[in-house]
Amino acid sequence: MAGKLVENLAKDPPKDPAMDSVAQRLSVVGAGAALELRGVTRLFGALAALTDITITVRPGERRAVLGSNGAGKTTLFNCITGDFPPSSGTIRFFGEDVTHFPPYERIRRGLRRTYQISALFPGLTVQDNVYLACRGVSRGRFSFLRPGQNDALMHAAENLVQAVHLSGVKDQRVAELAHGQQRQLEIALALAGAPRFVLFDEPAAGLSPTERAELIEILTSLPAHIGYIIIEHDMDVALRVVESVTMMHNGRIFKEGRPQEIESDPEVQELYLGGGHE
Amino acid sequence: MSLAHDTRVTVRPTAAVQRSRLRGWPEIDNPAAWAVAAILLIMPLIANGFFLIEIFATTLILGLMALSLMFLAGYGGMVSLMQLTIAGFSAYMVAVFGASGNANISLGWPWWLAVPMALALATIFGTLGGALAVRTEGIYTIMITLAIGAAFYYFTNQNWAIFNGHTGINTVATPHFWGVNWRADIPFYYIVLAVAALCYFAVDYISRAPFGLALQGVRDNPRRMAALGFNVNAHRVAAYAFASFVAALAGVLQVWNYRQISPGSVSVGACIDILIIAVVGGITRPIGPFIGALIFVLLRTFALDFLVKLGLDGNRFRLLIGLGFLAIVFWSSDGVIGLWQSWRRRQRSGAASSSGRHGREAGRESGQGSTQGSRHG
C-alpha cells in the first residue's frame with residue numbers, strides 16, 4: 001500500500017499544466033531552503049506563544065518538533081500556514097517571502113498541513129473531500145460545470161482515496177467514518193496536488209498500534225522531494241520517520257539535533273521524556 | 001491485506017453505480033418527480049385562473065426567493081435575511097426603468113431592456129450586501145442582512161424621487177409580444193414555471209459542481225478550505241452573487257404578478273416570511289423551499305376562511321403558520337423534507353428487516369468490512 005501511495009503521488013500531480021509550471025518555476029527560484037523562519041514571534045495579548053524562532057529546513061528534509069503541551073508547536077504551524085500571522089519576523093517558503101500571504105496563497109505554492117483535531121467536511125462524502133483538496137490547488141475552483149467521466153482531478157482524488165485505504169467508504173459521508181478513517185482522510189487531504197512541504201500535526205493521535213504502523217509506512221514512503229515537519233508525542237512514531245529534531249519549550253527553541261542525540265540528551269530527558277512519563 | 005483488497009474489488013461496481021447516480025440527476029429514476037413535473041405542466045387544464053396564479057404561480061415565486069436563501073444557508077451556511085430585499089429591489093428597478101402608471105418616475109424602457117437592467121442592478125446590490133455580510137459569521141450575518149433589509153424598507157418609504165414613497169409604483173407594464181399578453185394567466189404561469197424549473201435545476205446542478213462542493217466545504221470548515229488553497233471569502237461573495245441573481249429573477253416575476261410594488265412588499269416581516277418558508281420546507285435540498293412556499297401560500301389563502309369558521313379573527317393565519325413553524329422546527333431539523341425522509345427511512349428499514357437485506361445494503365456492509373479488515377489485517 002505504501003508503494004501504491006508513492007506511485008500515485010509520483011504520477012498524479014502534474015495533470016494540470018498551469019500548476020506544474022508554477023511548481024517548476026518556484027522550485028528553481030528557491031534552491032536554498034524549503035522553509036526559513038527568521039525571528040518569528042507570536043503574541044496573544046501579553047502572552048508570547050512563540051519567541052524569536054529561527055529555523056531553516058532543507059527541501060526534502062524531515063524533521064520532528066517535540067515539546068510539552070503549550071510549548072508553541074501548533075502555534076508554530078499556524079504561523080507557517082498563515083492561520084495566525086506572526087507578530088514579527090519573516091517566513092520564507094522556497095525563497096519567497098510569504099510572511100504576509102493569506103493561507104490559500106501559501107497552499108497554492110506547495111505547502112500543506114494536517115490538523116491535530118481532524119478538520120474535515122463532515123457533510124460531504126470521502127471522495128468529495130479529497131476532490132476538493134485536489135481542486136483547491138488547481139484551476140477551476142469556481143467552475144459551475146460538474147466534473148465529467150474523464151476528469152483528471154476526479155481520478156487523482158480516487159487514487160488518493162485508494163492510497164489511504166478508504167475506497168470501500170468513499171461514497172459515505174465523512175460524519176459516519178470511524179476515528180482512524182478520519183485520520184487517514186486528514187492525511188489524504190494534505191497530499192493532494194503537488195505538495196512540496198507538509199506540516200503534520202499529531203497525525204498518530206488516537207490511532208491503534210496497527211494504524212500507527214501504517215502511518216509510519218505512509219510517512220517513510222513519501223517521495224524524496226517532499227519534506228515535512230511532524231509534531232508527535234509518540235516518540236516511537238516521531239523518531240522513526242525523521243532525520244532531525246527540534247525541541248521546543250515555552251515558545252522557544254530549546255535544542256536541535258539528530259534523533260539519537262535528542263533521545264540521549266540528559267536535559268531533554270529531564271524536561272520532556274522524563275517529565276512526560278511521571 | 002490481500003484478502004481485504006479482494007473484497008474491495010467486488011464492492012467497487014456497486015459504489016460506482018451509487019456515485020454516478022449521485023453525480024447525475026437523482027430525480028430521473030424517481031417516478032414521483034415525473035408525476036409532479038407532469039402535473040405542473042398540465043396544471044392550466046386542471047386549475048382555474050385563481051389557483052393557477054394566486055396559489056401556484058405565487059408559490060413558485062416565493063419558492064424562488066426561498067431557493068436563493070436555501071442556496072446560501074443550506075450549501076454555504078450563510079443565513080441571509082435580505083433575499084426578499086434583493087427581489088424587491090429588482091422589482092422596483094423593473095418599475096422604474098420600464099413603464100408604469102407613475103409616468104413622472106418610470107423611464108418607459110421596453111421590458112427587454114428594463115429586465116436585464118433590473119437583474120444586473122439587483123445582482124450588484126446583493127453582491128455588495130454579501131461582501132459586507134461575509135466579514136461576519138452566524139448571528140452577525142443575520143443581523144447585517146436584516147439591517148440591510150430594514151434600511152431598504154425605510155428608504156423606499158421615505159424616498160419619493162425614485163421609489164415614490166409609501167404609495168409605491170402602480171400599474172407596472174407587463175410584456176406583450178408575438179401577439180401574446182404574457183401576463184394573461186396561462187402564459188404567465190408557464191413563464192413562472194419555466195424560470196422556477198430552470199433555477200431549481202441550476203441549483204441542483206451547481207451543488208455537485210466544483211463551485212457548489214467548495215461552498216459546502218466552506219460551510220463545514222472554512223479554515224480547512226483556506227488550508228486547501230481556497231479563497232473562502234471570495235467563494236462566499238460569489239455565492240451571494242448567484243443567489244442574488246435568483247432572487248432578482250423572482251423579483252421581476254413578482255412585480256409582473258401584482259403589477260405594482262410598494263414598501264409593504266419589502267417589509268421586515270416579509271423578509272422573515274422567506275426565512276420561515278425555507279426552514280419549514282427544509283434547507284438541505286432545493287425542493288424544500290418550494291414545498292415550504294406551497295404550505296405558506298395555502299395557509300395564507302385558506303387559513304383565513306378556516307379561522308373565521310371557527311369564530312376567530314381571520315387575520316390570525318400567522319398564528320397557524322407560527323404554530324406549524326414551531327412544530328416543524330421542534331420535530332425535524334430539516335423541515336418537511338426531513339420529516340418525509342425519516343418517514344421513508346423508517347418504512348424502508350421496516351421492509352428490509354422483514355424481507356432480508358437487498359443487494360445495495362449488503363454491498364455497503366462488505367465495504368465496511370473490507371476497510372476494517374485492511375486496518376486490522
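Mentor: The questions below concern a predicted model and take up chain A and its interface with chain B.

Trainee: How many helices and strands does the secondary structure of chain A come to?
Mentor: Chain A has 278 residues, of which buried residues make up 51%. Among the contacts in chain A with a separation of 6 or more, 70% are between residues 24 or more positions apart. The secondary structure of this chain comes to 11 helices and 10 strands.

Trainee: Which residues of strand 7 of chain A lie on each side, and are they buried or exposed?
Mentor: In a regular strand the side chains alternate between the two faces of the sheet. In strand 7 of chain A, one side holds Phe197(A), Leu199(A) and Asp201(A), and the other holds Val198(A) and Phe200(A). Strand 7 spans residues 197–201, and five of its five residues count as buried. Both faces are covered, and the residues on them are all buried.

Trainee: Which residue stands opposite Leu199(A) in strand 8 of chain A?
Mentor: Strand 7 of chain A pairs with strand 6 (residues 111–113) in the parallel sense over three bridges, and Val198(A) is the bridge partner of Arg112(A). Strand 7 of chain A is also joined by five bridges to strand 8 (residues 227–231), again running parallel. In strand 8 of chain A, the residue opposite Leu199(A) is Ile229(A).

Trainee: What is the handedness of the β-α-β unit that strand 7, helix 8 and strand 8 of chain A make?
Mentor: The handedness is judged with the strands pointing away from the viewer, following the path from the first strand over the helix to the second; a clockwise path counts as right-handed. For strand 7, helix 8 and strand 8 of chain A, the β-α-β unit is right-handed.

Trainee: Which helix of chain A gives the most to the side that touches chain B?
Mentor: In this interface, 40 residues of chain A are in contact with 34 residues of chain B. Helix 4, helix 5, helix 7 and helix 8 of chain A each supply at least two residues of that side, which divides into 18 nonpolar, 12 polar and 10 charged residues. With seven residues, the helix that gives the most is helix 5 of chain A.

Key. Residues are numbered from 1 along each chain as its sequence is written. Chains are lettered from A and ligands numbered from 1 in the order in which they are written. This is a predicted model: local features need pLDDT of at least 70, side-chain atom pairs count only at pLDDT 80 or more; totals for chains, interfaces and linings use all residues. Two residues are in contact if their C-beta atoms, placed from the backbone, lie within 7 Å. Helices (H or I, at least four residues) and strands (E, at least two) are DSSP runs, numbered from the N terminus. Ala, Val, Leu, Ile, Met, Phe, Trp, Tyr, Cys and Pro count as nonpolar, Asp, Glu, Lys and Arg as charged, and the others, Gly among them, as polar. A residue is buried if 20 or more other C-beta atoms lie within 10 Å of its own, exposed if 12 or fewer, and partly exposed in between; C-beta atoms are placed from the backbone. Two strands pair if DSSP finds at least two bridges between them.
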